[in-house]
Amino acid sequence: MSQHPSAPYLAPPTTPAALSLPRRDSGAAARGPITPPAAAITGPQSQQAPELTQRYELLDRLGVSAVASEDFDELARDMATRAGFLYGFVNLFLEEQTFVGLHQPPADSGYVIVGRTMSRDHGWCPEVMARKKALPLHDVHASPRFSGNHVVDAVGIRSYFGAPLIHDSGTVLGTVCVIDPEKRPLSEARRLRDIVINAGAQVMDHIVRAPVR
């Protein structure tokens with residue numbers, strides 16, 4: 001199974017504290033619950049968006065807790081390995097994007113070490129959630145719509161492939177995705193898109209059929 005790196009990733013001192021950059025939470029927090037308490041899952045506040053309420057209710061019915069999981073980490077690792085990408089994520093879209101599955105380079109690799117949560121507005125997964133289908137970006141700079149993104153500068157990403165996690169009920173729980181500092185040839189886009197789509201199906205099968213460790 002993939003291991004949780006222990007050294008925290010801290011934003012540069014010049015970064016305003018309010019910015020929700022990809023970050024490393026403390027080691028204890030990375031292994032503990034990273035969603036609201038169980039009470040919030042069974043009874044979300046009325047001001048929450050209906051879609052978010054539906055996600056919490058479905059996760060509760062399925063017995064899934066949004067805690068960093070070795071099973072999900074392994075699925076993220078397998079997806080990233082098959083795609084040849086440095087980073088892989090299993091992402092539940094809650095108050096924050098919550099990476100219950102995470103694969104990334106070793107802490108001493110020289111690459112940015114990301115955390116288990118990120119703002120709902122950052123990255124390209126919000127677009128996947130809105131369109132409810134895969135988003136293949138072989139080069140994020142190929143389109144002005146996708147190049148102006150917080151994650152491009154924070155992590156130095158050039159390629160992104162993501163797919164939604166859609167339950168049979170129609171509720172979109174989140175996404176799976178891979179990201180990398182290197183762009184990919186356009187000729188590889190279909191194969192990489194299929195890898196994340198298949199990984200999303202694996203994750204949903206795991207959520208529905210197997211308890212999460």
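1. F161 is buried, with a relative accessible area of 0%; buried means under 20% relative accessible area, exposed over 50%, and partly exposed in between, with a 1.4 Å probe and protein chains only. F85 is likewise buried, at 4%. Of the 213 residues of the chain, 51% count as buried.

2. On provenance: this is a predicted model, in which local features need pLDDT of at least 70 and side-chain atom pairs count only at pLDDT 80 or more, while totals for chains, interfaces and linings use all residues. Residues are numbered from 1 along each chain as its sequence is written, and side-chain values use heavy atoms, with hydrogens and water left out.

3. The chain has eight helices and six strands. Helices (H or I, at least four residues) and strands (E, at least two) are DSSP runs, numbered from the N terminus. Along the sequence the pattern reads α-α-α-α-β-β-β-α-β-α-α-β-β-α.

4. How many aromatic pairs are there? The count comes to three, where rings of Phe, Tyr and Trp (its six-membered ring) pair if their centres lie within 6.5 Å, and planes under 30 degrees apart count as stacked, over 60 as edge-to-face and the rest as tilted. One of them joins F85 and F161: the ring centres are 5.9 Å apart and the planes stand at 85°, so the pair is edge-to-face. F85 lies in the loop between α4 (70–83) and β1 (87–93), and F161 in strand β5 (residues 159–166), so the pair ties together parts that are 76 residues apart in sequence.

5. F89 and F99 form an aromatic pair that is tilted, with 4.7 Å centre to centre and 55° between the planes. F89 belongs to strand β1 and F99 to strand β2 (residues 97–103), so this pair ties together parts that are 10 residues apart in sequence. F89 is buried at a relative accessible area of 5%, and F99 counts as buried at 5%.

6. F85 also has a charged contact: the charged end of R184 sits over the ring of F85, 4.1 Å from its centre. The criterion is NZ of Lys or CZ of Arg within 6 Å of the ring centre and within 35 degrees of the ring normal.

7. Six strands form an open sheet in the order β3-β2-β1-β6-β5-β4, with antiparallel pairing; two strands pair if DSSP finds at least two bridges between them. β3 (117–118) and β4 (135–137) stand at the edges with a single partner strand each, so one side of each is left without a neighbour in the sheet. Two bridges join β2 to β3, and Q97 stands opposite M118 in β3.

8. L102 lies in strand β2 and counts as buried at 9% relative accessibility. The C-alpha atoms of L102 and V114, 12 residues apart along the chain, are separated by 9.1 Å.

9. The largest pocket holds about 190 Å³ of space. A pocket is an open set of points on a 1 Å grid over the protein atoms alone, where a 1.4 Å probe fits, with protein on both sides within 12 Å along at least five of seven lines; lining residues have an atom within 4 Å of a point. Its lining includes E51, R55, F93, R120, M129 and K132. α3 (50–62) and α5 (125–131) each supply at least two lining residues. The lining divides into five nonpolar, three polar and four charged residues.

Note on methods:
Grid points are joined across faces, edges and corners, and a volume is the space filled by probe spheres set on the points. Ala, Val, Leu, Ile, Met, Phe, Trp, Tyr, Cys and Pro count as nonpolar, Asp, Glu, Lys and Arg as charged, and the others, Gly among them, as polar.
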